[in-house]
Amino acid sequence: MVRILDPQLRRALADRVRYCHEMGIYDFYRRDFNEGGRFSGSTEAKSPTGEMFAASLSLSRSELELREEMAARRSAVVPIIEENIFEAVSPQPEYGVADPVAALQRIREDLGDCTRCKLHRLGRKQIVFGVGNPGAELMFVGEGPGADEDAQGVPFVGRAGQLLNNMIKAMGLRREDVYIANIVKCRPPGNRQPERDECETCSPFLMRQIATVKPKAMVALGATAAKNLLAMDAPMSELRGRWYDFKPAGSDPAWPGARLAVTYHPAFLLRDPRQKGEAWKDLQMVMKYLGIAPPRKAAE
Ligand code: SF4
């Protein structure tokens, strides 16, 4: 199973690797671990011209393994990072609110009539916050609202939403059993994909929703949702069929985090129904983890 750090941290690490590459720094070397499995000492990076860079670190083995995984372009690459990347996020208004309904309400109030990214002035009718059971064991995350969702203020209510409902039903669940949200809460114009700056501005609110609901499992619907949640740029063929550990920064230490799976977006399945069988395999993986008995009939 792949262990995923918080998306913001992962994005920061990816940015740092990119930055190093842009500076012409590719080769990094690390020194040995101590008995506690923690790396202490210096990590060195070497540019093509032979110039050496060093930074003091205190990182766990899994954190270093993650950095190796991120550096797909070159082998044995470990980025230099400063420890302040690991600083805890500031407390949010909902922190300490035990009732998830009230906590979600605080997040919604904090979002307000949001103008934080350009989507607010590109034709949205309303913000589509999220819907469902605030204590759900299973959470679905899509890309962003479409025209129907924008009109009704509820995620996944159009044709794709009907297919998602069928998928949930096929799992032996009801829509009201799960929680459903999107990476961005305002409709991108012309149903285009949300852009990176829009996702990065909006997703902290989604992270807070996830940290409040504390699902046991999550399903990213489509490549855009998966790539943003996991901060991984990989094709669906690589993203699907495996579990990722997922836990937003600053969430309840008593919550172990969610297991995240990736499947196709229902809108894609409407365009290519031949992939429904593959999506069903993904959902069966989720059902097995949640201990849901396979129903007699699969999604149609
Ligand atoms: S997409 Fe998110 S960040 Fe952008 S305006 Fe809408 S609610 Fe605000």
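These questions and answers walk through a predicted model of one protein chain.

Residues are numbered from 1 along each chain as its sequence is written. In this predicted model, local features need pLDDT of at least 70, side-chain atom pairs count only at pLDDT 80 or more, totals for chains, interfaces and linings use all residues, and side-chain values use heavy atoms, without hydrogens and water.

Visitor: How many helices and strands are in the protein chain?
Guide: Both are DSSP runs, numbered from the N terminus: helices are H or I with at least four residues, strands are E with at least two. The count is ten helices and ten strands.

Visitor: What share of the 300 residues is buried?
Guide: Buried means under 20% relative accessible area, with a 1.4 Å probe and protein chains only. By that cut-off, the buried share of the 300 residues is 48%.

Visitor: Is α7 largely enclosed or largely open?
Guide: Look at its buried residues: Thr-224, Ala-225, Ala-226, Asn-228, Leu-229 and Leu-230. That is six of the eight residues of α7, so the rest of the structure leaves this helix largely enclosed.

Visitor: Which way does α3 run relative to α6?
Guide: Take the axes, lines fitted to C-alpha atoms over the stretch in contact, with angles from 0 to 180 degrees between N-to-C directions. The axes of α3 (residues 100-111) and α6 (residues 196-213) come within 9 Å and cross at roughly 170 degrees. Angles over 145 degrees count as roughly antiparallel. Therefore α3 is, relative to α6, roughly antiparallel.

Visitor: Which residues of α6 meet α3?
Guide: Contact means heavy atoms within 4.5 Å. From α3 come Pro-100, Ala-103, Leu-104, Ile-107, Asp-110 and Leu-111. Their partners in α6 are Phe-205, Arg-208, Gln-209, Thr-212 and Val-213.

Visitor: How much space lies in the largest cavity?
Guide: On a 1 Å grid over the protein atoms alone, a cavity is a set of points where a 1.4 Å probe fits but cannot get out; lining residues have an atom within 4 Å of a point. Of the 15 lining residues, Cys-114, Cys-117, Arg-124, Cys-186 and Cys-202 are closest to the centre. The space in this largest cavity is about 110 Å³.

Visitor: Which helices each supply at least two residues to the lining of the second largest pocket?
Guide: A pocket is an open set with protein on both sides within 12 Å along at least five of seven lines. The helices are α4 (147-152), α5 (159-170), α7 (223-230) and α9 (266-271).

Terms used: Angles under 35 degrees count as roughly parallel, over 145 as roughly antiparallel, 65 to 115 as roughly perpendicular and the rest as oblique. Buried means under 20% relative accessible area, exposed over 50%, partly exposed in between (1.4 Å probe, protein chains only). Grid points are joined across faces, edges and corners, and a volume is the space filled by probe spheres set on the points.
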